[in-house]
Amino acid sequence: MAQKETEFGQLAPSEQNFKVYEKDTTAHAVYLFEKGENYFEVRRNYVYLITKYHAKIKILDKQGFDESKIAIPYYHTEDRTEKISNIRAITHNGIVKSSLLQEDVYEVDVNDRWSEKRFTFPNVKEGSILEYVYEVQSPFLFNLNGWDFQGDIPKVYTEYAAKIPGNYRYNRALIGELTLDVNDATIRKNCFRIPDSSVEPADCEVLKYVMHDVPAFKADEDYMLSENNYRARLEFEMSEYLGFDGRKEKFTKSWKDVDKEFRTDRDIGGQLRKKNYFERNVPLELLSANEDKLTKAKRIYAFVKSHYTWNEKFGVLRDNRVKQAFDERTGNVAEINITLINLLNAADIETDLMMISTRAHGLPKRSHPVMTDFNYLVAKTEIDGVIYLLDATEKELPFGMLPYRCLNYYGRVMDLDGDSYWYEIEPEKSHGRAIRVLMELDFENGKGTGEMDEISTGYEAYFKRNQLANLAEEDYLKKIEESTLEDFFIRSYSLDAESSNELKLVERFSFETENLEAKQTMYVNPFIIQFFKSNPFKTETRNYPIDFGYVRSYKYFANFKVPSGYRLKQLPESINIGLPDNSGILRFNCIESEGMVMVQFALQLKSTQYTSEGYAYVKKFFENAVAVQNQSYMVFEKE
């Protein structure tokens, strides 16, 4: 849809005739047009950042009515505030136009820094086009934030334009995998001047960025990192301000600046220098026991886990009260892990603090420090040439393993005695579930009985231990029964403590299935337990990677005795497929030998992340895996 300068209140013929968005027939509403504009203007002898916004939204069905509720955020401090003005809104229903009344615009305080102007479009129906404009006047020049090309609903046309004086310098980045249809940047001479001033006018950078037919961002997909990594948008961040009076202010720090602040700040570095306090307040043998460093580190780690109850808060560098948290035996992530770092250092096990960002928070920028990119702290220590990343917030978490929320590729290690540096987060390679089943089928009595062992390793064992710790055994077993085939009952259950360790959990079950009513021909699904009941990947396309966090494997082995009075008529077809570059394997095979049917199933994912280009392969891979588990049948026939 070609765009010319659009006048508020006027619809183009293509907009008036728009009925359905063929590129996404599931959409409930769609932006027909959206434009944002930023420029700088002197008003009342003050330089303001001006934002103008204009949008038209087509309501396709009743589920799209939520788009008629508009919230326009604005920022304020104790002495200054952004101002929103010139709000106008029209609901177009054919030739009938319903305008927003100004008394229907109201304000809501979101927190101590942000408020919103809110309104709801009048007379909204299926097929309505909602159009609105507004202007924001901001005294905060750092609030040139950029533009969201992608949102929760599709956009036919979205444009961002800006005019930035050369003495205001911003870092910028285009986020996501979508490409710009228009990418124009030119210099306009003498475009910004201070009225009644002898200061030379500044040149401006004039920008125009456009995207056409932008798909909605589906944030409810499984196996993804933060949508902040992938939602198509343009980000600005003020790096330097060169005042017209010659004043110069730098906003973007270097890591050397951050390192210096880290070492000298009493609130930051000081929290990591409390070894003496902990030496006085923990059992003497915890730090002085005559044992190897790894054993001592594990004892300290276990002590901190047992001492604290995590309050479910994260925390990073500021406002931590480590001594108070230790005395009260409860604290946030930072307080707990700073305690761990202090104790390890007090035991002469050299340990540093590592700042990371959780999977839901987003990947930190590597180009320059943005401290708000980090929301979590862990410990990094090296013992006998092996590096361990430690987090003592989770009671069931083994030594050297981070919680799943922390598997976000890399973090920044802050060294009190040297320079900080990036460090990669690499989980161990052994994570999975292996199930072994031995089962007898008794069609004459309508039941089957069997024994089952489940061996969980790595994160799969950790997740199981969390379940066991938080559920009564009866509830835990009930959840397993509900996740299996119908009429499955667990008769006995035990943990094999001798075969288990902190990285492996071995469980034993005896079970019974009912309602195997004897017929001439019997169909039996060999999968007592199904790893995937449905395909987690449902959308046709995906514009961001699949991220599993860790490599994983699922294996199922089962032996079925051919029941008396029946013969095996048919076995399911074998399958052996892989993902490109040998990054995944799916195998299924059934054979009969000496009155026994042996079933083997294996699904292995050898990569933690698969690109959006590979999405179709992964989707098909899981489609096959689900079909094997749901639609495979051994066929027995009466003799």
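Is Lys365 buried, exposed or partly exposed, and at what relative accessibility? Hello everyone, let's start there: at 26% relative accessibility, Lys365 counts as partly exposed. Buried here means under 20% relative accessible area, exposed means over 50%, and partly exposed is in between, with a 1.4 Å probe and protein chains only.

A quick word on the model. It is predicted, so local features need pLDDT of at least 70 and side-chain atom pairs count only at pLDDT 80 or more, while totals for chains, interfaces and linings use all residues. Residues are numbered from 1 along each chain as its sequence is written, and side-chain values use heavy atoms, leaving out hydrogens and water.

Now to charges. Side chains of opposite charge can pair when their charged atoms come close. A salt bridge is a side-chain nitrogen of Lys or Arg within 4 Å of a carboxyl oxygen of Asp or Glu. The whole structure holds 34 salt bridges.

One of them joins Glu34 and Lys155, at 2.8 Å from N to O. Glu34 belongs to strand β1 (residues 29-43) and Lys155 to strand β10 (residues 155-165), so this pair ties together parts that are 121 residues apart in sequence. Helices (H or I, at least four residues) and strands (E, at least two) are DSSP runs, numbered from the N terminus. Glu34 counts as buried at 5% relative accessibility, and Lys155 is buried at 3%.

Back to Lys365, which forms a salt bridge with Glu235, where the closest N and O atoms are 3.5 Å apart. Lys365 sits in the loop between β18 (351-356) and β19, while Glu235 is in strand β14 (residues 233-242), 130 residues away.

Another bridge pairs Lys464 with Glu507, with 3.3 Å between the closest N and O atoms. Helix α8 (residues 459-470) carries Lys464 and strand β26 (residues 504-514) carries Glu507, so the pair ties together parts 43 residues apart in sequence. Both ends are buried: Lys464 at 9% relative accessibility and Glu507 at 0%. Salt bridges with shared partners also join Arg233, Glu235, Lys365 and Asp373 into one network.

What about a charge without such a bridge? Asp415 is buried yet has no salt bridge, and the nearest side chain of opposite charge, Arg263, is 6.8 Å away. For charges, Lys and Arg count as positive and Asp and Glu as negative; His and the chain ends are not counted. You will find Asp415 in the loop between β21 (410-414) and β22 (421-424). Leaving aside residues up to four places away in sequence, Asp415 touches Arg263 and Asp352, where contact means heavy atoms within 4.5 Å.

Let's finish with rings. Rings of Phe, Tyr and Trp (its six-membered ring) pair if their centres lie within 6.5 Å; planes under 30 degrees apart count as stacked, over 60 as edge-to-face and the rest as tilted. The structure has 54 aromatic pairs. Tyr132 and Tyr134 have ring centres 6.2 Å apart and planes at 20°, so they are stacked. Tyr132 and Tyr134 are both buried. Phe314 and Tyr376 have ring centres 5.1 Å apart and planes at 75°, so that pair is edge-to-face. Phe314 is partly exposed at 26% relative accessibility, whereas Tyr376 is buried at 0%.

Lastly, the charged end of Arg366 sits over the ring of Trp422, 5.4 Å from its centre. That label needs NZ of Lys or CZ of Arg within 6 Å of the ring centre and within 35 degrees of the ring normal.
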